[in-house]
Amino acid sequence: MNSRPAVLTGLLDTEGIRKDFPILDRLVHDGKKLVYLDNAATSQTPRQVIDALSEYYENYNANVHRGVHVLAEEATAGYEGARDKVAAFINAPSRDEVIFTKNASESLNLVANMLGWADEPYRVDRDTEIVITEMEHHSNIVPWQLLAQRTGAKLKWFGLTDDGRLDLSNIEEVITEKTKVVSFVLVSNILGTVNPVEAIVRRAQQVGALVVVDASQAAPHMPVDVQALQADFVAFTGHKMCGPTGIGVLWGRQELLEDLPPFLGGGEMIETVSMHSSTYAPAPHKFEAGTPPIAQAIGLGVAVDYLTSIGMDKILAHEHAMTEYAIGRLLEVPDLRVIGPTTAEERGAAISFTLGDIHPHDVGQVLDEQGIAVRVGHHCARPVCLRYGIPATTRASFYLYSTPAEVDALVDGLEHVRNFFG
Amino acid sequence: MYQDVILDHYKHPHGRGLRDGDAEVHHVNPTCGDEITLRVKLKGSTIEDVSYEGQGCSISQASASVLNDLLVGKEIADAQRIQGVFLELMQSKGRIEPDDAMEEVLEDAVAFAGVSKYPARVKCALLSWMAWKDATAQALSVEESV
Ligand SMILES: Cc1ncc(COP(=O)(O)O)c(C=O)c1O
């Protein structure tokens, strides 16, 4: 049965877009067309970004900020230019609020460490509380567990409803006068849920807690405006948004970045150094010790240009249509249970599911034999699997180049899996 | 990778269910959440029973079933030799093409040769075998201490 509507509205011109991604033409397993549905793990890289990386290494590879020669000046201009592009992409009030890290995990660890070392009023210590949620990626759980263990602070979290959303019914008890920081994911990488930022931020502001938003699954897929979010820190990662690996972003409010202490020490982050003490460069350099990932930052800048040229609102509309179609088709598969919201409302394009009692590893392997790449396991969000009483899920996740035909291929593939193990 | 032999054992496992034993172990494979509880019952130097209960992918479940077939009724020393050969096959990264001599020793377990090409799945195939090794060592040490 094929229930594809005659026209899906809001789809991008994927035929044109796919030409920018050479890898999407790859054949796997003796000539099968690659159907890449693992975009929540990492996205593919457009030609424009690949070319920018080569261009850097072929023409102006140099260390930044220190040289006086042509190459160093060009590399510095490229690296700092990428910062301008990222700042504009997230509507940051100032470019100096954009810190380059190596990935979202490092960004989140950076915040947790700053708050552990900070002076009042930001200091997290034994009389204070940290709030996260049960749907966080391990990258937004473990740094806070470490901070809690090291400082004696109490770690609390929001639970989940049966339909895969945050349970905010006890928000007043979870976020209290003792709460110093609330850190949560904007779009879940396992459930796909888009979380209600406003309600959480409002409560956090009432009690004077800082707000950290993990936008790793949001920045690639929808317009993200850090001013509209009203958060204090926003973290995301380059390789999920058409950029290279090895580059992440932490945006932080300027006055906080001025007040908070550095985390890593080294070159680049200082003003003066003597054998007794040092003074630090202003943000963002204060938080960028050592030689940064220069080519990767430049690549991310080009990725941001690429996404902007297509339009984040158009990408959002495309993925919304794809999600609606994919959920509808997946729910036609017998014994398939979607783990997460079962409508496309307030939902991103990562769809987790179980298929009867066929283990996700078997599902993933048999799909792979057909050229279909999905993710299986707990997706670095093991508490979510525990919450829903499942060992693991299979996850299909879409991006700007994904097509309804790929959804159909997935559904056919799952039918094959069922017959195979049935 | 999914040989018919493997699928048959997965769909119709041999010797599944927990029965009386001299030692019990619980092993998990943290990367995919496969789990097994396994008991070994010895009678002198013979393996009288290997019983197990678990959940996980077809590879881990089928492997436990094959293990039960192969090891129950064997002398411990022979079983250890079989385990050694299976381990060697699984760690071969697809480079060992089982010959008749190996098939003589491993019987249905040669079907797992293809799995050794998939590093992520080797642990699934070895889960029950590692559990068996552990449980047998425990059963033997219990025996010695009485
Ligand atoms: C929601 C979320 N947060 C954080 C991360 C961590 O990103 P990275 O591994 O690039 O640090 C990921 C990606 O795996 C994610 O999906």
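Reply: In this predicted model, D108(B) is partly exposed, because its relative accessible area is 33%, and the class runs between buried (under 20%) and exposed (over 50%), with a 1.4 Å probe and protein chains only. The areas come from the Shrake-Rupley method with a 1.4 Å probe, and only the protein chains shown count as cover for residues. Residues are numbered from 1 along each chain as its sequence is written, and chains are lettered from A and ligands numbered from 1 in the order in which they are written. Local features need pLDDT of at least 70, side-chain atom pairs count only at pLDDT 80 or more, totals for chains, interfaces and linings use all residues, and side-chain values use heavy atoms, without hydrogens and water.

D108(B) sits in the loop between helix 4 and helix 5 (119-145) of chain B; helices (H or I, at least four residues) and strands (E, at least two) are DSSP runs numbered from the N terminus. It belongs to a negative surface patch together with D4(B), D8(B), D69(B), D99(B), D100(B), E103(B), E104(B) and E107(B). Patch residues have over 30% relative accessible area and no salt bridge, and like charges are joined within 9 Å. A salt bridge is a side-chain nitrogen of Lys or Arg within 4 Å of a carboxyl oxygen of Asp or Glu. Asp and Glu count as negative, with the charge placed at CG of Asp or CD of Glu. Two elements of chain B, helix 1 (4-11) and helix 4 (100-106), each give two or more residues to the patch. The greatest contribution, three residues, comes from helix 4 of chain B.

Turning to the rings, a search of the whole structure finds twelve aromatic pairs over all chains. Rings of Phe, Tyr and Trp (its six-membered ring) pair if their centres lie within 6.5 Å, and planes under 30 degrees apart are stacked, over 60 edge-to-face, the rest tilted. F21(A) and Y306(A) form an edge-to-face pair, 5.8 Å centre to centre with 80° between the planes. This pair joins distant parts of the chain, 285 residues apart: F21(A) lies in the loop between helix 1 (14-18) and strand 1 (27-28) of chain A, and Y306(A) in helix 10 (residues 294-310) of chain A. F21(A) counts as buried because its relative accessibility is 0%, and Y306(A) is buried at 6%. Ring pairs also link F21(A) and Y306(A) with Y399(A) and Y401(A) into a cluster.

Conventions: Patches are made of residues with over 30% relative accessible area and no salt bridge: like charges are joined within 9 Å, nonpolar side chains (Val, Leu, Ile, Met, Phe, Trp, Tyr) within 5 Å.
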